[in-house]
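Hi everyone, thanks for coming. Let me put the structure up, and then I'll walk you through it.

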Amino acid sequence: MANYDQHPFDRYVQDVMAHLHGLSDEKCAEIQAELRTHLNDAAAELGQHPDDAATQLSVIKRLGSSKQVGRELARSHGIPIAAQGWYIAGGAGALLSAALFTAAIIFLFAGYEEDAVEFFLSISPLALLPVVLVLHRLYRFIDPGWNNATLIVGLVPFGSIAALSLASTVLFVELADVGVLQMSLFTLVGVWLLMIGHLARRAQTIIPPSLTWLGSFVGISWLVLLGSTAVNMVYPQLVGKVSWLLSGNILLLLLIHPLWALWLGSTLLHDGLRRARRA
Amino acid sequence: MSGLQRELLKGSLDVMLLVLLEHEAKYGYQLVKEVRQWSSGVLHLQEGSLYPALHRLERNGLITSFWQERDDGVPRRYYQLTTEGRAAATEKLALWEQFVMGVQGVLQHGKLRPTPL
């Protein structure tokens with residue numbers, strides 16, 4: 001069972017709701033209110049203060065695991081078409097991102113111009129925009145504050161990087177210090193990956209735990225890469241000392257970022273299509 | 001509660017809910033308490049399985065729900081039978097009684113005339 005040390009009722013209801021991500025907000029609000037009333041009624045019947053954590057835990061035990069209750073509730077409501085659309089949009093976005101990243105690798109090793117490689121690499125986050133939106137939607141009941149912060153951290157870099165890339169590579173707009181700006185934005189990509197990984201592990205649904213850990217690993221790689229690049233820029237005398245870190249990370253990222261995007265895309269797409277078949 | 005009891009309870013949950021709602025609208029926790037009370041404490045409903053069952057019955061058009069405040073001022077979701085639900089309750093109850101009688105008959109026969117090995 002999940003960790004319910006603090007505010008057990010709140011955590012329990014959130015965990016049940018995590019499995020109902022496909023339902024409309026109105027329906028979810030009703031279910032949330034109904035569960036909450038049930039929990040309070042059961043606590044009141046025990047004659048203890050409803051805010052007492054021990055009382056709340058014993059009431060939760062009577063309801064059963066949040067995962068089971070959430071899944072049974074989701075089954076009893078069927079699969080709304082909108083939910084399938086969210087999964088498919090997210091899956092397609094992640095797969096496109098993987099494809100763009102892979103194209104960049106191919107262009108790099110085939111010896112094409114640096115601009116082409118840079119274009120594919122920097123446009124790749126744009127394809128992740130639907131993923132940011134879809135995961136925010138699907139995890140909307142899990143820690144709303146953290147989820148909203150994750151959305152902002154995701155939207156800012158993915159949107160801005162894509163805009164900068166389009167401006168500099170398609171429209172040939174000369175932007176001063178665009179590299180530094182892009183680097184700071186890519187840092188946020190790493191932070192987003194760490195934040196969404198934390199949220200997904202907390203929800204225990206949609207993204208399997210091993211994939212969330214891979215995502216976090218990709219996030220750390222982005223941060224290390226950008227950190228070592230920044231050190232190179234600010235302290236040129238250290239170039240030799242950190243270059244191994246830079247090259248190692250580039251190689252690692254070229255391998256694991258598309259792998260993560262491919263895995264995430266196929267997971268979401270598979271779930272979406274499975275739901276469509278069952279509907 | 002044993003695994004067998006849990007399975008039996010699961011199989012009879014729909015009919016129990018329909019029958020309990022036959023005379024008046026009730027909310028979830030009220031149903032849990034009534035199952036416990038009327039079964040003399042023998043049946044302990046896994047409370048988490050109650051709402052999926054109620055929502056499934058509602059989706060199938062056998063019950064409807066509405067929100068109403070009680071004396072404590074807290075709104076609760078009440079469930080009541082539809083016309084189809086009323087017919088289903090009668091039909092399922094008859095089937096259930098027939099099933100119970102059948103099982104009892106077999107068990108009685110087994111008790112009275114043990115099969116020699």
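Helices here are DSSP runs of H or I with at least four residues, and strands are E runs of at least two, numbered from the N terminus. This is a predicted model, where local features need pLDDT of at least 70, side-chain atom pairs count only at pLDDT 80 or more, and totals for chains, interfaces and linings use all residues. Residues are numbered from 1 along each chain as its sequence is written, chains are lettered from A and ligands numbered from 1 in the order in which they are written, and side-chain values use heavy atoms, with hydrogens and water left out.

B:F99 sits in helix α4 (residues 83-112) of chain B. Together with B:V100, B:V103 and B:L107, B:F99 makes a nonpolar surface patch of about 340 Å² accessible area (Shrake-Rupley, 1.4 Å probe, with only the protein chains shown counting as cover). Patch members have over 30% relative accessible area and no salt bridge, and nonpolar side chains (Val, Leu, Ile, Met, Phe, Trp, Tyr) are joined within 5 Å, like charges within 9 Å.

Now, how many salt bridges are there over all chains? The structure holds 13, a salt bridge being a Lys or Arg side-chain nitrogen within 4 Å of an Asp or Glu carboxyl oxygen. One of them joins A:D15 and A:R202 at 2.7 Å, N to O. A:D15 is in helix α1 (residues 8-17) of chain A and A:R202 in helix α9 (residues 178-203) of chain A, so the pair ties together parts 187 residues apart in sequence.

Between chain B and chain A the count is 5 salt bridges. Among them, A:E34 pairs with B:R77, the closest N and O atoms being 3.3 Å apart. On the side of chain B that touches chain A, α2 (28-38), α3 (50-59) and β3 (75-81) each supply at least two residues.
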